[in-house]
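Good morning, colleagues. Please look at the sequence and the model while I describe how parts of the chain pack together.

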Amino acid sequence: MYRHEYNFSNVDWDAVLKTPELLQHLIPEDGRLPDWLVDLREQRLTAPSKQTTVKTAKIRASNCNRWIKTNNHHTGGVRKRKPEAPLPTFIMARPASLAQYQRHSAHLMSRVLNIRANASPFTLVLDDLNQRGMPLVGELIRRGLSRNVNVVVVSFEATRFHPAVQNIAAYSDDSGEQILQDVRKAMNKAKESLVIVDSLYELLNDKNVDMGALFNLVAMEFASTLVGVYHQDMLPTQDAQTAYAPQPLDLLKYMATTVITCKSFAHVLAAKAAKERSLPEPTHGLLQGAEGIVQCLDANDHRGIVLEAEFRRKSGRPESETYSLRAARPSDYNVPLPGLAFGTLRQEFVVLLDQVPAYGNKEVIGLVNAAANEMESTFNLGLTDKQKQAREGVVLPYFDAQKGEGGEGGRILYDMGSEDDFDEEEDEI
């Protein structure tokens, strides 16, 4: 009744229900409120008040807590890898700009170096005497310790490690089964580990360790990362039993999810200089084919190590890029937190090779032009002024005949002997 006689669209019901005196002119003489007004008052007064919440953006902490693996000790149960994000159904577009491509390529290498989950379960490092892979292995150990990852090194060559690294001395008389048991024991107390083998050649040939068993132990059972170094200048042994079997290096390349080839920076510059002059690229070390040469000049360049990386995806599409990794500096890492050997990474310093100033076009082209101006000869072709004057004073044979002045020079004089047959007809001809 009252609802149709009055317009209540602009009424503040919260204020009206709290002060009933405002409705005195609507109350009839018997003092009885309408049913709809009583129900409305009960609903408004008994309903909980809604508090508006303001959503604030999540700001990343400056100390980068997500970098460190907190509570990396194993608490029991079956280890499982974290599920990966589902692949997009659409085809991802190529990088729109050069800067975007450089960020994408640097991110791929950074995930491998930083031991990110599912980045590369098995990384194969190829090196030789011209460029050893120890700078790369040292950087992997340093970043693993900075993230509180359990680092285990199966060593055949190196003997000195950081106290936080668990070292398994495989150069002793232990068998292959004993080495696998030691690796299992070293990884048993951690959720995530990094296992590094500094010589896969000796592990496979001398200790006769099955590479499939090692991969299943580290990558499958313990859901960790395996890194192996293989020396390319060590030739495999051949026997009748393995004549038709694949070579160990070919098997490792087939199993690896990331293959990194180490090269000296000076040798890469020499190869680029030869390419700019349309010359065949120079070979180094054993590839020269010269007897007795195993290591060339400018090997293991102190300016940095060049990494030719190939990343293999589940889809089978590989991505290849060349990087430059310089030696780490104290300013690259933050101050270590209590209980950690190294601080968190402050800024990524692995870059594409094209971004290195020493590899830029201007400096390399200058070296190329300087090399092209020099004659590739063992003697000097230049003449002094005295030598030029002496050369001009030499009288050449038949010089008069060449002038065409009709002199005596250049005439052939012949005296006939008694045995010569003089024929007048031939002379006339």
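I shall discuss the nonpolar cores, then a pair of helices, and finally a hairpin.

This is a predicted model, in which local features need pLDDT of at least 70 and side-chain atom pairs count only at pLDDT 80 or more, while totals for chains, interfaces and linings use all residues. Residues are numbered from 1 along each chain as its sequence is written, and side-chain values use heavy atoms, with hydrogens and water left out.

A nonpolar core here is a set of buried Ala, Val, Leu, Ile, Met, Phe, Trp, Tyr and Cys residues joined through side-chain atoms within 4.5 Å; buried means under 20% relative accessible area with a 1.4 Å probe, protein chains only. The largest such core has 35 residues, and M109 and Y323 are among those with the most contacts inside it. Its largest share, five residues, comes from α5. Leaving aside residues up to four places away in sequence, M109 touches I260, L307, A309, F311, Y323 and V350, where contact means heavy atoms within 4.5 Å. Another core, of 33 residues, lies apart and includes A170 and M211.

Turning to the helices, the axes of α6 (residues 176-187) and α8 (residues 211-221), lines fitted to C-alpha atoms over the stretch in contact, come within 11 Å and cross at roughly 10°. The two helices therefore count as roughly parallel, the term for angles under 35 degrees.

Lastly, β7 and β8 run antiparallel, joined by eight bridges. Five residues separate these strands in a hairpin, and G316 in the turn has a positive phi of about 95°. E308 stands opposite T322 in β8.

Methods: Buried < 20%, exposed > 50% of the residue type's maximum accessible area, 1.4 Å probe, protein only. Helix = DSSP H or I, 4+ residues; strand = E, 2+ residues; numbered from the N terminus. Axes fitted to C-alpha atoms, helices over the stretch in contact; angles between N-to-C directions. Parallel < 35°, antiparallel > 145°, perpendicular 65-115°, else oblique. Pairing = 2+ DSSP bridges.
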